[in-house]
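User: I would like to go through some of the labels used for this model and ask what each one rests on.

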Amino acid sequence: MFIAIYATFIFLILRFVVTLFNFISDPKLRRVSRHYNDFVSILIPARDEESNILTLLNSILEQDYQDYEVIVLDDDSSDNTYKQCADFAAKHPSFRVITGKPLPDDWLGKNYACYQLANEAKGDLLLFLDADVKLTDNAINSAVHRMYSGKLSLFSLLPNQQMDTLGEKTVVPLLHYGALSLIAFRLVQLAKIAPLSLACGQFMLFEAGCYRHYQWHEKVKDKVVEDLEIAKLVVGTKLNSECLLANNLVSCRMYKGYDSAIKGLGKSALGAFNNSIFSVLIYLLLLIAGPMIVLMTLNANLIMMMAGLIILARTMVSFMAGQNPLLNIILHPVQMFNFVLITFSATQRQLTRTNVWKGRRV
């Protein structure tokens, strides 16, 4: 038991140190007033997104950045996604919608959609956006500024997450909590540590010449967590990559309801651990079993120390992510239970090869 308690506190302290580093270094995208005129291709893969897509397209229209084209690829949608986009594009010359080609056997759907979009693009920069994000008016210009000031080949943003139901609030905060307590954003970017490189597929901006040379989406055509894999490849090729918090410049409601959030995060849960079930089990032991053992000691000092580290970390992450710190602290046990549920269900689907998303096996 002593070894388990010791390992638990080492883990908690390391997470606290990483969180504190992120809190102090404040890895957020800043608004800028300087304007750029590089031609940006805004590329949007969309499959059954009729409830989201117009919000994104209208937010692009409201940008203070004007030099762009927008291409939406309808990826075999079964709803009105194509019609909505076609009607919108008919009113706005910078927008167009194309129909995706049949999915090859050795590709995953989103990766192939992004590959097709890149082949259609004419821009100096390629901005891939998920259909459920929303941009504020300065988002693209600020991202382009950061791209050039950092001499980056890839720039990505982790959007602020919109959560409208209690169920979503017991699941979605796990994204920021995991990222900001495990990865020192600015340190990883400076040190070019490929295995820890981070990117978010909801907002990925590429230098077009570099993208066309390496064909990043083709290199990860069968990867579920393609954003992380691309980030690792970019850094592994000795190019510069950076991921920052969106700082309210980009927001996203990833999932609508508890079931959708559990299934959605479960789709890619193992990918964050390089599809290693062993790594997931070790992480669960440290994250869940360790604190349970500390509670079982009934040692008030140990319990207070553990609770203090967790509460401080949750508070800092919540402020960085633009979330309610008190609510995340209250819901912490429920969120941890949901994390166990997500990882176990993801492991089961991985072993039985039954991982499905939007009607396709992934």
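Analyst: The model is a predicted one. A residue is called buried when its relative accessible area is under 20%. By that cut-off, Glu-226, Asp-227, Leu-228, Glu-229, Ile-230, Ala-231, Lys-232, Val-234 and Val-235 of helix 11 are buried.

User: What makes helix 11 mostly covered?

Analyst: Helix 11 runs over residues 226-236, and nine of its 11 residues are buried. The cover over these buried residues includes helix 4 (109-120), helix 10 (216-219), strand 6 (154-158), strand 8 (203-207) and strand 9 (241-245). Just after helix 11, Lys-238 has a positive phi of about 70°.

User: Why is strand 9 called largely enclosed?

Analyst: Five of the five residues of strand 9 are buried, so the strand counts as largely enclosed by the rest of the structure. Both of its faces are covered: Ser-241, Cys-243 and Leu-245 are buried on one side, and Glu-242 and Leu-244 on the other. In a regular strand the side chains alternate between the two faces of the sheet.

User: How do you know that strand 6 and strand 9 pair?

Analyst: Pairing requires at least two bridges between the strands. Strand 6 and strand 9 have five bridges, in the parallel sense, so by the definition they pair. At one of these positions, Leu-157 has Leu-244 of strand 9 as its bridge partner.

User: What makes strand 5 and strand 7 edge strands?

Analyst: Three strands form an open sheet with mixed pairing, in the order 5-10-7. Strand 5 (133-135) and strand 7 (160-161) each pair on one side only, and that makes them the edges. Strand 7 pairs with strand 10 (residues 250-252) over two bridges in the parallel sense, which meets the requirement of at least two. Gln-161 stands opposite Cys-252 in strand 10.

User: Why is Asn-138 called buried?

Analyst: Its relative accessible area is 4%, and the cut-off is under 20%, so Asn-138 is buried. Asn-138 is found in the loop between strand 5 and helix 5 (139-149). Leaving out residues up to four places away in sequence, Asn-138 touches Arg-31, Val-32, Gln-63, Asp-64 and Leu-249.

User: How do you know that the side chains of Asn-138 and Asp-64 make a polar contact?

Analyst: The limit for a pair of N or O atoms is 3.5 Å. The contact joining the side chains of Asn-138 and Asp-64 is 2.9 Å, so the distance is within that limit. The side chain of Asn-138 also makes a polar contact of 2.3 Å with the side chain of Ser-142.

Terms used. Residues numbered from 1 in each chain as written. Predicted model: local features only at pLDDT ≥ 70, side-chain atom pairs only at ≥ 80, totals over all residues. Heavy atoms only, no water. Buried < 20%, exposed > 50% of the residue type's maximum accessible area, 1.4 Å probe, protein only. Helix = DSSP H or I, 4+ residues; strand = E, 2+ residues; numbered from the N terminus. Contact = heavy atoms within 4.5 Å. Polar contact = N/O pair within 3.5 Å; in protein donor to acceptor, adjacent residues only side chain to side chain.
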